Amino acid sequence: MCKAFIFLPSMTTDQLKQHFATAFDQQALEVYFCPGRVNLIGEHIDYNGGLVMPCAINFGTWMLLAPNEDNVFRFRSVNFEDTYDIGVQDAYEKTGREWYNYPLGVLHHFVADGKNVKGLDVLYYGNVPIGSGLSSSASIEIATAFAFNKYFNTGYSKLELVKMAKSVENNFIGLSSGIMDQFAVAFGEDSKALMLNCGTLDYQAVDAHLGDNVLAIINSNKPRKLAESKYNERVEECQQALAALKQELNIEHLCDIDTATFEQYQHLITDPVVLKRARHVVSENDRVKLAAKALADHDLTEFGRLMYASHHSLQHDYEVSGAELDAVVEYSLTNANVTGARMTGAGFGGCAIAIVKADAFEDYRKELIAYYTDKIGYAPDVYATNISDGVHELTGE
Ligand code: ADP
Ligand code: MG
């Protein structure tokens with residue numbers, strides 16, 4: 001399904017409205033935007049009771065809608081050729097593996113919950129590269145849930161919409177994933193990082209003024225083939241580490257201890273590989289707390305140092321990086337206009353991020369592409385983004 005994706009990075013709202021008018025022979029009534037997200041720091045620790053620090057970005061999914069008289073939901077995407085029309089029903093089922101299952105899953109949750117809905121013409125457009133870990137799926141889910149909630153006046157809270165979208169991903173689409181993505185694209189705030197405990201959903205929006213820097217996103221263009229099997233392997237290794245530590249410590253998660261305590265008890269873990277995995281988890285959780293402090297102190301240099309340290313730990317202790325993501329960080333370390341860089345997401349491909357001086361971004365982009373292509377054999381995509389607001393209606397456009 002991914003190969004049908006049409007990437008058109010420069011659509012304006014006016015152009016989208018024209019697309020809508022052409023597709024449906026009527027004007028769009030409402031326009032919504034939901035961002036994608038990156039995780040700034042706190043990788044592979046959400047399933048260990050740890051803290052993550054995602055933020056919403058100014059790349060995402062637009063959703064335009066208008067009612068129709070036919071009591072039919074008509075789903076279109078500028079990015080995909082397949083279309084889908086279906087009448088108002090009491091329940092919906094996943095059909096094939098096509099893109100429209102994401103809005104269909106949201107619609108299913110509304111009707112299954114007894115909400116009254118009426119036919120809508122709906123058009124999406126996304127400029128988030130899909131399947132590369134920037135969570136275009138959470139973006140289209142939350143765009144849809146938020147827009148339906150507003151349009152049908154169904155009164156769900158934002159947190160309820162987040163939980164609903166996670167259920168769409170887990171139960172309707174059939175992917176077991178955590179809540180971070182949906183949470184980040186819904187609750188993201190301009191120039192703020194969200195320090196989030198995925199277990200309790202306690203969060204804190206931390207000022208993350210990048211000043212004269214941009215948040216660069218580097219898509220390695222390496223498919224994340226290994227990600228799922230290795231993910232399960234890491235979960236298992238973390239459970240082994242936890243069981244070993246529990247012999248003497250009364251803890252529920254690996255992230256219940258800090259590095260100092262870990263060093264005191266690490267002898268309980270006899271397998272050297274499991275020991276490395278646990279060291280990543282515990283140290284990464286400490287780094288998230290230090291990163292929040294660095295942001296509060298407006299110390300972007302320290303924040304960048306923690307990003308590099310996070311990558312190093314993911315590369316050597318957790319072993320979820322790879323030559324491609326390492327190449328991005330290796331080059332970034334040589335460029336004085338880069339404050340910090342690291343892989344983000346599950347690893348084995350997908351994306352890296354870097355904090356780069358805005359006026360040096362173009363040079364960074366060109367030099368990184370040259371370095372990476374020379375080393376890896378094909379080019380990455382490099383984007384300049386900003387930390388932005390979560391899902392919202394676009395008014396007055
Ligand atoms: P990721 O979330 O990492 O981008 P996923 O495979 O989880 O990758 O989700 C990507 C899928 O979400 C796409 O294959 C498509 O089905 C759906 N999707 C995302 N953006 C759009 C869009 N603009 N239009 C239609 N479908 C989309
Ligand atoms: Mg996804």
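Predicted model: local features only at pLDDT ≥ 70, side-chain atom pairs only at ≥ 80, totals over all residues.
In strand S8, Tyr203 is the bridge partner of Leu196.

Stepping back to the whole chain, the protein is divided into two domains: domain 1 comprises 13-207 + 389-393, and domain 2 comprises 213-385. Their centres, taken over C-alpha atoms, are separated by 27 Å. The contact between the domains draws on 28 residues from domain 1 and 39 residues from domain 2.

Turning to strand S9, how many of its residues are buried? The strand spans residues 213-219, and seven of its seven residues are buried. In a regular strand, side chains alternate between the two faces of the sheet. In S9 both faces are covered: Asn213, Leu215, Ile217 and Asn219 are buried on one side, and Val214, Ala216 and Ile218 are buried on the other. S9 also has two pairing partners to consider. With strand S11 (residues 351-357) it pairs in the antiparallel sense over seven bridges, and within this pairing Ile217 has Ile353 as its bridge partner. Strand S12 (residues 381-385) likewise runs antiparallel to S9, and five bridges join the two. Here Ile218 stands opposite Val382 of S12.

Helix H11 (residues 361-376) can be followed from end to end. Its 16 residues reach 21 Å from the first C-alpha to the last, close to the 22 Å expected at 1.5 Å a residue. Which residues of H11 are buried? They are Phe361, Tyr364, Leu368 and Tyr372. These residues lie on the same side of H11, because they cover an arc of only 50° around the axis. The spacing of such residues has a simple background: an α-helix has 3.6 residues a turn, so residues three or four places apart point the same way. On the other side of H11, Lys366 and Asp374 are exposed. The cover over the buried residues of H11 includes S9, S11 and S12, along with helix H10 (323-334) and strand S10 (338-344). Just after H11, Gly377 takes a positive phi of about 105°.

A similar reading can be made for helix H6 (residues 227-245). The buried residues of H6 are Ala227, Arg234, Glu237, Cys238, Ala241, Leu242, Ala244 and Leu245. Why can these residues be placed on the same side of H6? The reason is that they cover an arc of only 155° around the axis. Among the elements that cover the buried residues of H6 are helix H7 (259-265) and helix H8 (272-296).

Definitions and conventions: Residues numbered from 1 in each chain as written. Chains lettered and ligands numbered in written order. Heavy atoms only, no water. Pairing = 2+ DSSP bridges. Helix = DSSP H or I, 4+ residues; strand = E, 2+ residues; numbered from the N terminus. Buried < 20%, exposed > 50% of the residue type's maximum accessible area, 1.4 Å probe, protein only. Expected span 1.5 Å × (residues − 1). Arc of directions from axis to C-beta. Contact = heavy atoms within 4.5 Å. Domains from an automatic or database assignment.
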